[in-house]
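Hello,

Here is the structure you are taking over. Please open it alongside this message, and the notes below will walk you through it.

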Amino acid sequence: MRSRPDISDFEVGAIYRHDYTGQRAEFIGTALMFELDGEDVGLMRWLDGSGYIVATIQSWDYGETFTRVQDAENDALTA
């Protein structure tokens, strides 16, 4: 089974910042996508209500990353 290298770090219900856009999303869970050769993908819901994002290996390969909001806020306080 294939999946993004960071997929096991995501926690259901946690809030993450999409590092490229700065948008925040709630991690909903993972799903097996047969359409992507059986890849495990991460499912997230944008907090602004604009829809959902599917985190895939391909998006990881393009440099897509997420930072847990609590972690990002802690980093800012200690910088």
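Asp 19 is partly exposed, at a relative accessible area of 30%. Its salt-bridge partner is Arg 17, with N and O 3.1 Å apart. Arg 17 is partly exposed too, with a relative accessible area of 30%. Keep in mind that this is a predicted model.

Salt bridges

The count of salt bridges comes to five. Side chains of opposite charge can pair when their charged atoms come close.

Take Glu 64 and Arg 4 next. Their closest N and O atoms are 2.9 Å apart, and they form a salt bridge. The two residues sit 60 places from each other in the chain. Glu 64 is in the loop between α1 (57-61) and β6 (66-68). Arg 4 is in the loop between β1 and β2 (15-18). Are these residues buried or exposed? Glu 64 has a relative accessible area of 14%, so it counts as buried, the limit being under 20%. Arg 4 is at 1% relative accessibility, so it is buried as well. Asp 6 joins in: Arg 4, Asp 6 and Glu 64 are linked in a network of salt bridges.

Glu 11 and Arg 68 make another salt bridge, at 2.8 Å from N to O. Glu 11 lies in the loop between β1 and β2, and Arg 68 lies in strand β6, so the pair ties together parts that are 57 residues apart in sequence. Glu 11 is partly exposed, with a relative accessible area of 42%. Arg 68 is partly exposed at 24%.

Strand β4 and its partners

Now look at strand β4, residues 39-46. It is mostly covered, with six of its eight residues buried. Which strands pair with β4? β1, β3 and β5 do.

- β1 (residues 2-3) runs parallel to β4, over two bridges. Here Arg 2 stands opposite Glu 39.
- β3 (residues 24-33) runs antiparallel to β4, and eight bridges join them. Met 33 has Glu 39 as its bridge partner.
- β5 (residues 52-55) pairs with β4 in the antiparallel sense, over four bridges.

Two hairpins involve β4. β3 and β4 form one, with five residues between them. In that turn, Asp 37 has a positive phi of about 60°. β4 and β5 form the other, again with five residues between the strands. There Gly 49 takes a positive phi near 80°.

The nonpolar core

How many residues make up the largest nonpolar core? It has 11. Among them are Ile 7, Phe 10, Ala 14 and Tyr 16. Ala 25, Phe 27, Met 44 and Trp 46 belong to this core as well. Ile 53, Ala 55 and Phe 66 complete the set. β3, β4 and β5 each supply at least two of its residues.

Leaving aside neighbours within four places in sequence, Ala 14 is in contact with Ala 25, Glu 26, Phe 27 and Arg 68. Ala 25 and Phe 27 are core members like Ala 14. Arg 68 is the salt-bridge partner of Glu 11 described above.

Best wishes

Note on methods: Residues numbered from 1 in each chain as written. Predicted model: local features only at pLDDT ≥ 70, side-chain atom pairs only at ≥ 80, totals over all residues. Heavy atoms only, no water. Buried < 20%, exposed > 50% of the residue type's maximum accessible area, 1.4 Å probe, protein only. Pairing = 2+ DSSP bridges. Salt bridge = Lys/Arg side-chain N within 4 Å of Asp/Glu carboxyl O. Core = buried A, V, L, I, M, F, W, Y, C linked by side-chain atoms within 4.5 Å. Contact = heavy atoms within 4.5 Å.
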